[in-house]
Amino acid sequence: MAKRCYYEVLSVSREETRDGIKKSYRKLAVKFHPDKNPDDPSSEDKFKEIGEAYEVLYDEQKRAAYDRYGHRAFGGGGPTAGGGAGAGGGFHDPFDVFRDAFGSQGGGGGSSIFDELFGNTGGGRRRQKQGLKRAGSDLRYDLQISLEEAAFGIEKELELEKMGRCDSCEGEGSTKKGEVTTCGTCGGAGQVIASRGFFQVQQACPTCKGAGEIIANPCKSCGGEGRVNKTSRIKLKIPAGISQSSRLRSSGNGEAGICNGPAGDLYVVIHLREHEIFERDEDDLYCEMPISFSHATLGGELVVPTLEGKASIKIPAGTQTDTVFRLRAKGMPIIGANHKGDLLVKTQVEVPTRLNKEQKEKLQAFAESIGEENSPLHETFFEKAKNFFG
């Protein structure tokens, strides 16, 4: 997914001062801090995004580089623990950025900004425990439809392989509901300290994989995840007038979450098959209609195809190739409106290619009888050519 503009993330203008940027960051960081939103898994992602935006815009050199090159100035990298925000795209830990922005290291005795914000609960510390429940991933499905289906709308049944809720354990992951215990390796923290020579590294607990909890008797069908691979069928309504590359969101029809975590969403991307007659340009349709030499010369009625059936247009005498006729409201429906686009018909005058001797003689006599005064394009071109050559 494309990164959002840093100014948009912090809800500030491009002319905002450093003090204004810091003020806006503090307000948003407190609002979306994971310790203030324990029941909202998405808050930590927002918290990271806010920290990344602040780290760039508060630093004058990084801000100048961002204003000039955008996200490319930092290699398009996302927030990662450790490392400075330089050309390589790394960013500091968002919780360290939070502490720096509030002028506290979050440690030591006495009161601190974290006591005020989090009610003296140690909210300045990063929440390491993830819990067993994890959200399922979003999925993408590419669907090809015809121009007619796009014009009139249709309901499609999609079949896809995805991780679905385990029926054996009802998504719990355990043979007995609620049979969850605190991980003995990490004591429920979800993290352990590992020594690397002179350094100590904090990493996810290898036993519970960061959850802080374990299932005593995991379900044999799903291995304790609460989900298994399934073939699913989903009905999707496609609205009339949908355009190429449109995305339809089917909420909750992505992958099932782990241990009854929230399911992801399904995003269906629409692709229109090439049509034999019509070409689409937004809400208008185009088609080319061949007409005979005699029809173009004498004029008359021309029957043309539309998505709703046949229609007729009047062809004036002397119609030339590439003349365009517009049929109002014969194009594509416009989503959210009560009217349609137009159908534009471009004429292509056909020249006879297989004439017998008698036909050729008659055509020659006809050409001689009308003279150049009945060929305005011919006359105009040679007048221009004469002026061009002096």
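Seven aromatic pairs are present in the structure, where rings of Phe, Tyr and Trp (its six-membered ring) pair if their centres lie within 6.5 Å, and planes under 30 degrees apart count as stacked, over 60 as edge-to-face and the rest as tilted. One of them joins Phe47 and Phe98 in a tilted arrangement, with 5.7 Å centre to centre and 55 degrees between the planes. Phe47 belongs to helix H3 (residues 43–58) and Phe98 to helix H5 (residues 94–101), so this pair ties together parts that are 51 residues apart in sequence. Helices (H or I, at least four residues) and strands (E, at least two) are DSSP runs, numbered from the N terminus. The model is a predicted one, in which local features need pLDDT of at least 70 and side-chain atom pairs count only at pLDDT 80 or more, while totals for chains, interfaces and linings use all residues. Residues are numbered from 1 along each chain as its sequence is written, and side-chain values use heavy atoms, with hydrogens and water left out.

Tyr54 counts as buried because its relative accessibility is 6%. Over the face of Tyr58 lies Arg18, at 3.9 Å from the ring centre; a charge sits over a ring if NZ of Lys or CZ of Arg is within 6 Å of the ring centre and within 35 degrees of the ring normal. Phe47 and Phe98 also belong to one aromatic cluster together with Phe95 and Phe102.

Arg18 falls within helix H2 (residues 18–32). This helix has 15 residues and reaches 21 Å from its first C-alpha to its last, close to the 21 Å expected at 1.5 Å a residue; the expected span is 1.5 Å times one less than the number of residues. The buried residues of H2 are Gly20, Ile21, Ser24, Tyr25, Leu28, Ala29, Val30 and Phe32.

Rolling a probe the size of a water molecule over the atoms shows where empty space is left. How many cavities of 30 Å³ or more does the structure hold? There is one, and the largest cavity has a volume of about 50 Å³. On a 1 Å grid over the protein atoms alone, a cavity is a set of points where a 1.4 Å probe fits but cannot get out, and lining residues have an atom within 4 Å of a point. Grid points are joined across faces, edges and corners, and a volume is the space filled by probe spheres set on the points. The largest cavity is lined by Ala151, Phe152, Leu307, Glu308, Ala329, Lys330, Gly331, Pro333 and Lys340. By class, this lining has five nonpolar, one polar and three charged residues, where Ala, Val, Leu, Ile, Met, Phe, Trp, Tyr, Cys and Pro count as nonpolar, Asp, Glu, Lys and Arg as charged, and the others, Gly among them, as polar.

Ala329, one of the lining residues, has a positive phi of about 60 degrees although it is not a glycine. Its place is in the loop between strand E14 (324–327) and strand E15 (343–349), and at 41% relative accessibility Ala329 counts as partly exposed. Ser11 also has a positive phi, near 55 degrees; Ser11 lies in the loop between helix H1 (6–9) and H2 and is exposed, with a relative accessible area of 59%.

Other loops hold buried residues. Gly210, between strand E5 (199–204) and strand E6 (213–215), is buried at a relative accessible area of 0%, and its C-alpha is separated by 8.8 Å from that of Gly188, 22 residues apart along the chain. Cys222 sits in the loop between E6 and strand E7 (227–238) and is buried at 11%.

Technical notes: Buried means under 20% relative accessible area, exposed over 50%, partly exposed in between (1.4 Å probe, protein chains only). On a 1 Å grid over the protein atoms alone, a cavity is a set of points where a 1.4 Å probe fits but cannot get out, and a pocket is an open set with protein on both sides within 12 Å along at least five of seven lines; lining residues have an atom within 4 Å of a point.
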